[in-house]
Amino acid sequence: LIGCRAVLMSAQGAENWQVRLTPSGADARSTLSQEIRYTGTREIRLFELIPAIQQMLSCHPGLDHVVQLELIHAHQTHARLQVGRYSTRIRLHNQREMASLSDGGRDLLPEQPQAEGLMLALPLAEPEHDPVSLPLHFSEQVFTGNWLVSLPDDAVGPWLLYTSDESTLHSRPTVVPQTVSQLSKPLTPLREALCEADGEERMRLLRAALRTMAADPQADDWQTLELLLDRLHHLPLASLDICQALIREPQALTMATLLLDNFSSRLAERLPCELPFEWLLIAPEHWFDTFAILRQQLAADNPRLISVISNDIQSKSQFLSRWQPALRFIFDQGLHRYFDLQSPDVGFFLKNPAMLTASWQSHLFDGENSAMQQMFRRNPAETHRYPGSGNTDIGAFLKTPHGQVLLRHCKLPTNDFKLAVVALPFIAAFDTYAGDNQQWQADPSRLFSLRNARQFDTVWFDLAYQLGLAMAQAASMQK
């Protein structure tokens, strides 16, 4: 889409042009759709649609999901484009003895200098193995556009064929079955999971391995995971089963974030941009448990090590704060409780949770200059289209005790079109605290509406979400 423009051929009726985005994939038919109107314009720069397309794609886990972009004028579709997560795919042929690059319709023929070192292979279960550069295939001393799949037999498990991180191609990797006929040595749980051929069973084994690792920061498999991500982090994350498993195991994800070097800086931003995942849907309890395990197993009573680990945690947290609005307060609590870093706000909250939440509620809802009223003034209804609630049942939430408290404070009628924007961050916070994050991540429509609500007014969303988490925690402490 970079550099592409849609030129509208006639100025007459230009106000009737619109763009429709609709995702589709083999795994499920999506109910998502987004329409963007263009009034009185003659051309549309398509790269401006990239964020909207990325957001729609990332509501689905499937690597082969695409978004269909339609240019519509007066209810008639004039052009269609399909945009996916990759532009080329690695294709195996000649009984898996050859590999080539295809753009879907035809095989590509790169120049020989570009092709050398472009195609790599890595044994997934042994990422410490040096990647193998596939040799080029020649016919009468001319490069044919194919690579020879010539792999050594000194590594266990399947091989991943992928393009190097120096390439500008966004390529879909592919897997070659293992070259060793049988496993000659016992494998760790993560390595064993990576060797499994069946997709569903592999995901089950990966998640089980991650749960075991989450309880043991000194497990050898953490080094395997770090090496694997070091080698393959430049690929589309939807193509890596280990990333698909991590977003479903929040305890392992929080441990990876605080334990592994480069994980936060490389993947904190990319996970929600490429996969159906949001950092703000991880329950605070998972972070607290990770703090406790790190203190108990790595630091114990060594003051110097405690200081080193707490500084490391603080530096890694900076990559997450824009994605998880309540993260600073969550981390302050973790450092206060487990690493002896005193925080006045946390101390006050732990002694008087109701007083702190009451103060925050007053800031959000009381008076003409409340955060809610400021949000309404930033987004006047005459010029701004307020997003809806998707598949989230606002009515059911308003009947709960927390919903009643919200209604009492915001003073909006239950049929007010602005209520979804006001309530969604609170609903997400209460569900997150209760550990019900999967009902958001597994439902593309709910995840899409949550992201739209946050993008509509990030300042309001983040304040409301942080208050919602604090209210849920205060209610839990009082019980």
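**The second largest cavity and its surroundings**

Modeller: The second largest cavity holds about 50 Å³ of space. This is a predicted model. The residues that line this cavity are Pro284, Ala326, Phe329, Ile330, Gln333, Tyr433, Gln466, Leu469, Ala470 and Gln473. Two elements, α12 (327-338) and α21 (458-478), each give two or more residues to this lining. The largest share comes from α21, with four residues. Sorted by class, the lining has seven nonpolar residues, three polar ones and no charged ones.

Rolling a probe the size of a water molecule over the atoms shows where empty space is left. The largest cavity contains about 60 Å³ of space. Around the largest cavity are Leu225, Glu226, Leu229, Asp230, Leu260, Asp261, Asn262, Phe263, Arg266 and Leu267. Here α5 (221-232) and α8 (263-267) each supply at least two lining residues, and α5 provides the largest share, four residues. The lining of the largest cavity is made up of five nonpolar, one polar and four charged residues. Charged residues are therefore part of the lining of the largest cavity, under a scheme that counts Asp, Glu, Lys and Arg as charged.

Now to the rings. The structure has 15 aromatic pairs. A pair of aromatic rings is described by the distance of the centres and the angle of the planes. For Trp287 and Phe331, the ring centres are 5.1 Å apart and the planes stand at 65°, so this pair is edge-to-face. The cut-off behind that label is an angle over 60 degrees. Trp287 belongs to helix α10 (residues 284-299) and Phe331 to helix α12, so the pair ties together parts that are 44 residues apart in sequence. Helix α12 also gives two or more residues to the lining of the second largest cavity. Trp287 and Phe331 are both buried.

The two rings are also members of a cluster, in which ring pairs link Phe277, Trp279, Trp287, Phe291, Phe331 and Phe339.

Charged side chains sit over rings as well. Arg337 lies over the face of Phe288, 4.6 Å from the ring centre. Lys418 has its charged end over the ring of Phe417, at 4.7 Å from the centre of that ring.

Key:
Residues numbered from 1 in each chain as written. Predicted model: local features only at pLDDT ≥ 70, side-chain atom pairs only at ≥ 80, totals over all residues. Heavy atoms only, no water. 1 Å grid on protein atoms, 1.4 Å probe; cavity = no way out; pocket = protein on both sides within 12 Å on 5 of 7 lines; lining within 4 Å. Points joined across faces, edges and corners; volume = space filled by probe spheres on them. Phe/Tyr/Trp six-rings, centres within 6.5 Å; stacked < 30°, edge-to-face > 60°. Buried < 20%, exposed > 50% of the residue type's maximum accessible area, 1.4 Å probe, protein only. Lys NZ or Arg CZ within 6 Å of the ring centre and 35° of its normal.
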